[in-house]
Amino acid sequence: MTSRQLIIQTIKHYWRQNLMLALGVAVSTAVLTGALIVGDSVRHSLERIVHLRLGEITHVISAVDRYFSAGLALRLEKKINAPVAPLLLLEGMASSDGGKYQIPRVQVLGIDEKFPVVTGSTILAMQHSEALISRNLAERLNVDLNDQLLIRIKKLSVIPLNTPFVSDANLITPVTLTVTGILADENMGRFDLKNIQTAPYNIFLSLEFLNEIMDAHGKINHLLIASKASSEIEPALAQVVSPEDMNLKIEFNEVQSSWEITSDRVFIDRVIQQTLESEPISAESILTYFVNTISFAERETPYSFVSSTAGAALQSNEIVINDWLAEDLAASQGDTVNLDYFTIGPLRQLEERSHPFVIKEIVPMSEKWADKALMPQLPGLSDVSNCRDWETGIPINLEKIRAKDEQYWDAYQGVPKAFIPYGTARNLWTNRFGESTTLRISDPDLSLTELEEWISSHIDPMQLGFRLNDIRDQADLAAKNGVDFSQLFLGLSFFLLLSSIFLTVLLFTLNTRTRMSQVGTLSFLGLTHRKIKFLWLTEGMLISLVGAIAGLLLAIGYNHVIFNALNSIWSDIVRTPTLETEITLATLAIGGGISIVLSSLAIMVSLNRLLKQSSHHLQTRTITQSKRWGNAAKNALIFLSGFIALALVVWNYLQTSFQNASLLFISGALLLISLLLFVHQTFQPVQDRQDLSSFRPQIFILRNLTHNSRQSFLVVSMFAIATFIIISTGAHRKDLFSQAHEKNSGTGGFLYYGEATIPVLIDLNEPEIRFLSGLEEEYRIVQIREYPGDDASCLNLNRIRSPGILGIDPDDFSGRFRFISKIRDLAGENPWSYLQSDLGKDVIPAIADQSVIQWGLGLKVGDTLQYLDEQGEILNLKLVGGLANSIFQGDVLIDAQHFLRHFPSSSGSNILLVDGDPNAQQSIGEELKGSLRNHGLDLQSAPERLATFNSVENTYLSIFLILGGLGLIIGTLGLAAVLARNLLNRRKELGIMQATGFTRAFILNLITREHFYLLLIGVGIGLISSIVATLPSWLNPSLEVSPLTILILITLIIGNGMLWITWITNRFLKGEQVVGALRSD
Amino acid sequence: MFLRLKQISKSFFSKGVLIREVLSKLSLEVEEGESVSIVGPSGSGKTTLLNIIGTLDQPNEGQVLYKEKDVSLFNNQQLASFRSRQIGFVFQQHYLLPQCTLWENILVPTLPLKDRGWKNQCIQRGQELLKRTGIWEQRHQKPGELSGGECQRAAVVRALINAPSLLLADEPTGALDQKNSDNLAELLFEINQSDRVTLIMVTHNTSLAARANKIFLLEEGQLKPHRGNSPLS
């Protein structure tokens, strides 16, 4: 007999036990490896999606709310010697079948022949009115090749939409297109510059055609680059960017004998103005404004342009008027005239102001006083032939316009009628878009080329909002560092893994104990402990190996099941049906290897403990419990962990009113440890020296429990941990719609959350506007500005660095939502008002959803997020508060004033919150949708939006519960194994009981109670600890915890355990084994 | 008659096929207070017979009459009660529970007793028996800490604690050395005589068997009167 033969014979002989052991190892291998495969597969899928949405694109140049010339692409391409494609990316709404199918927020992409080059795709060129659309859009719109669809595109406006005097009419351009191609994901159907795994709805048009319907020429807003030379791009851009790309127009003014620079954006960017004002150019800044009335005494002249001038030495309150105006007002030098004008606040809130001026001089309408070039190019104003056709962003009272005003317009158009000092003009009319409309350079020697080159070389395009984004690296990084599903599923499968390891240890311990007399025999026969350990360990490892191999096969199946679920019933957490399985040998090796090591360790520990017994004890099968820990040390640990748990609970209550959920979970876990240690201590066999007056069943049961203390403890631990995890999870499960209309809930008490494709430029709460817009229901609309960024909500699996920024009015949020964490300064009646605080240069307080801060960004309250603002300056958003589970997942909230200071070009509001009577929710929704139809309003009920986010968490909890439930089944198998082994080991004991008159029912009762107590103790400890861990859910009325769910879970756990206990015991006692056990012949 | 076995037959089957007939129309009559030894070769069915007498097993044919009552008519509850009140078992191994002390082991048969008065009497009897058997001082020790003889004496006390009228002993000295074997035999017959407990004992030990009032040889499924000094197999 060789060692090999002995091992093989032993494995064969105890094949049933070994099969169970292998099964335990197989389950742990499957869970571990399965989780790793899921992680690999999600990562692989995200990386694949990056390639699908970007192709070969490595960098993107864009500009904040700014359009530049398509020619820049060619210039840059030559400079960097790499493909550069121009892209005009606009937003729109698509519909088909007469409006039956509608999709808001589609991407309208104007591309040229460079696009397939830079993306590595095979997109075909399109003619006018032809479109290529993504497959998902075709499916949603139910259109096929050659079908027609209607898109309404957000109008391309070089002028920021909220610029004073710019009309907000005609913000949408409708166009009917013929579908000439449906793009698969692999052929740029998923093209998207945002870091998200969900597919956008795309419509590709020819760039030329898109420009044509937008009434623009060669305008784009993105450059797509495929180049590995990252560092060369930004300097190259600075060299090739032209004044035209900065929306500047340079013309020589013959009247003034000077170069005049104006902007397509009406107001000249401050950066440009400041650069050109300085030496050596020393440009003169001119600000021309449209005033409502110029009046003197009883006379008034309506709607006139007034310009600043440096041509006459004027005091700040002095004015020069032309003779036409002087005659009209019958005013003379020295008289005081009043200028009435509008200042335009956010959302076009108009305030009419008045300023008096003393007439310094009356000038003739000639030469520099009759310069038409001073009138800014305002669409709807400067380009119409008569005053009655004016279409401005301010109300025009046409009745005030007289015949002579029309005659003036016919003769001189918008030639300013009055001139004031530039300083005064700037003080009165400066706005966030700029403080000059013309820059005048009086240097006749300067050539146009020189001036253009000087501007190009001295103005950094980054300061104008140009951004170079190494989009490929960022996307790869976001995908690689996205939600780690390996960790996630290891976490979610934690209990399942723990249970299977417990089961392995338990089964091996039971097996070795059954055979422990063999160890004694082998020792007596002269085998060293080392040799015995080798034999048993080899046997154990062989079984583990078989189990691990089976586990790897199971892991592939487990992964398959998980992926099917993720692509279907659990799709809430991945939001894409395109996940692909990625199985690598390395992952299988790691999973299998770790599992074998874990099970071998478990086996070795059990074996070591066993071999510490003396040979005599082993042969007589009497185990002595070694006391590794002294009682004092164990008691100290019990007390300490219990005390810390309690102290943390009290501290948490006093400091945060139970807001810190993580800390409470730690308290619960510590209490669990303390109670389990207490049970471990209680289960130690004690020498009872008392003369019992009677022997009660309870004492008998206690003797049995303490006799097999390790097994009893393992079973109790397993059920305690199972209950702790399952109840904690169940209690955190969110009721998706409960109390959703409360102000302190995640909806803030708002009825709707709306996203407009076309920003709303007006204040929808103004009675007049409401009347004109047909908004009759009683409700309030909170309008929020948006600086777009990546979605940092739990719906995005990628790791995000720059979430979108929302500009809010803190007063609108007073008393709404609930903070889960906040800095100390945020205390007070209205913590939202802290957003208006000044925290120093370029530091702005910000609030975000706690889940965005913690999980989306990997930060904490007090940390800072860095952005580049519109002027290219670093903007630090200091996170001062974290909201509890709100509708604002995905974005960061700052004060609207701060927002406008840093993103002045932002026009209107894209996000609308509706506050009204919940009973009228439906009619409010219908009215708003109807009224804002042209804005492509996507109106979602706020509770539903919150429910969408909560459903992600609930899905995770569901997975956790399901996998926890599987773990519980494994745990129950452990209990069943312990019970079966107990019964087998105690056959003679049961025989004696029967022989001395115990009825079967009594024995059943004893055995059942014995194991029921284990079950009850385990569940009890788990329940108490889990209640502590989830105290906020029990104490806070706004967080629903369902006692019924808990009761059902507890009943299921106990019922499941009891079923096994009763069934196995009953089945055992029904057999004849008991009598057989007592046979001696 | 205290105990009467009438035409007892017991056969063992495997999947419906007869493997072996162990007892064949066996009859036995035992008076109250008698001591009976049953000897026989290994596998002759001694333990089976003892289990049938102790109602742990049922015969295929025949009747077991205890004080002229047919125990085969008892239901499970009555059988358990019968064993509890009337029968004490002693086996070759002591089968003491390692998790319990000696005293607790002795009290195990009192666990299902509901009559508190009777339970107290049993406990008192247990204490007396412990003292009588000389293991009173060891009562707080666990079986693992005691000798085989002490454990077997404890097993006898356990069998007697409920004051049974019939003591069934299956190779009671089989696992003991000579000295302990003699001591245990002394104890069993002393109890048989002093407490008038009927003793039926299965043994290979001829000298032990010879101390009984009656000796039977179990052979070919039948009990035959036997002289104590005759060879058994």
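Residues are in contact if their C-beta atoms, placed from the backbone, lie within 7 Å. The contact of helix 30 with helix 32 of chain A comprises 13 nonpolar, 6 polar and 1 charged residues. Here Ala, Val, Leu, Ile, Met, Phe, Trp, Tyr, Cys and Pro count as nonpolar, Asp, Glu, Lys and Arg as charged, and the others, Gly among them, as polar.

Helix 30 (residues 1000–1029) and helix 32 (residues 1043–1070) of chain A pack with their axes 9 Å apart and at an angle of about 155°. Helices 30 and 32 of chain A are therefore roughly antiparallel (an angle over 145 degrees, on a scale from 0 to 180 degrees between N-to-C directions). The crossing of helix 30 and helix 32 of chain A is right-handed, the near helix being turned clockwise from the far one by less than a right angle.

Strand 26 (residues 843–849) of chain A has 6 of its 7 residues buried, so it is largely enclosed by the rest of the structure. A residue is buried if 20 or more other C-beta atoms lie within 10 Å of its own.

Strand 26 of chain A runs parallel to strand 28 (residues 874–883) of chain A, to which 7 bridges join it. With strand 29 (residues 891–895) of chain A, strand 26 of chain A pairs in the antiparallel sense over 2 bridges; pairing requires at least two DSSP bridges. A:A848 has a bridge partner in each neighbour: A:G882 in strand 28 of chain A and A:V892 in strand 29 of chain A.

## Chain A overall

Chain A contains 33 helices and 31 strands, taken as DSSP runs (helices H or I, at least four residues; strands E, at least two) numbered from the N terminus. Of the 1081 residues in chain A, 49% are buried. Among contacts in chain A between residues at least 6 apart in sequence, 83% join residues at least 24 apart.

## Contact between chains A and B

Chain B supplies 38 residues to the contact and chain A supplies 29. On the side of chain B that touches chain A, helix 2 of chain B gives the most, with 6 residues. The residues of that side of chain B divide into 15 nonpolar, 16 polar and 7 charged.

## Conventions

Residues are numbered from 1 along each chain as its sequence is written, and chains are lettered from A and ligands numbered from 1 in the order in which they are written. In this predicted model, local features need pLDDT of at least 70 and side-chain atom pairs count only at pLDDT 80 or more, whereas totals for chains, interfaces and linings use all residues.

Conventions: Parallel < 35°, antiparallel > 145°, perpendicular 65-115°, else oblique. Contact = placed C-beta atoms within 7 Å. Buried ≥ 20, exposed ≤ 12 C-beta atoms within 10 Å, placed from the backbone.
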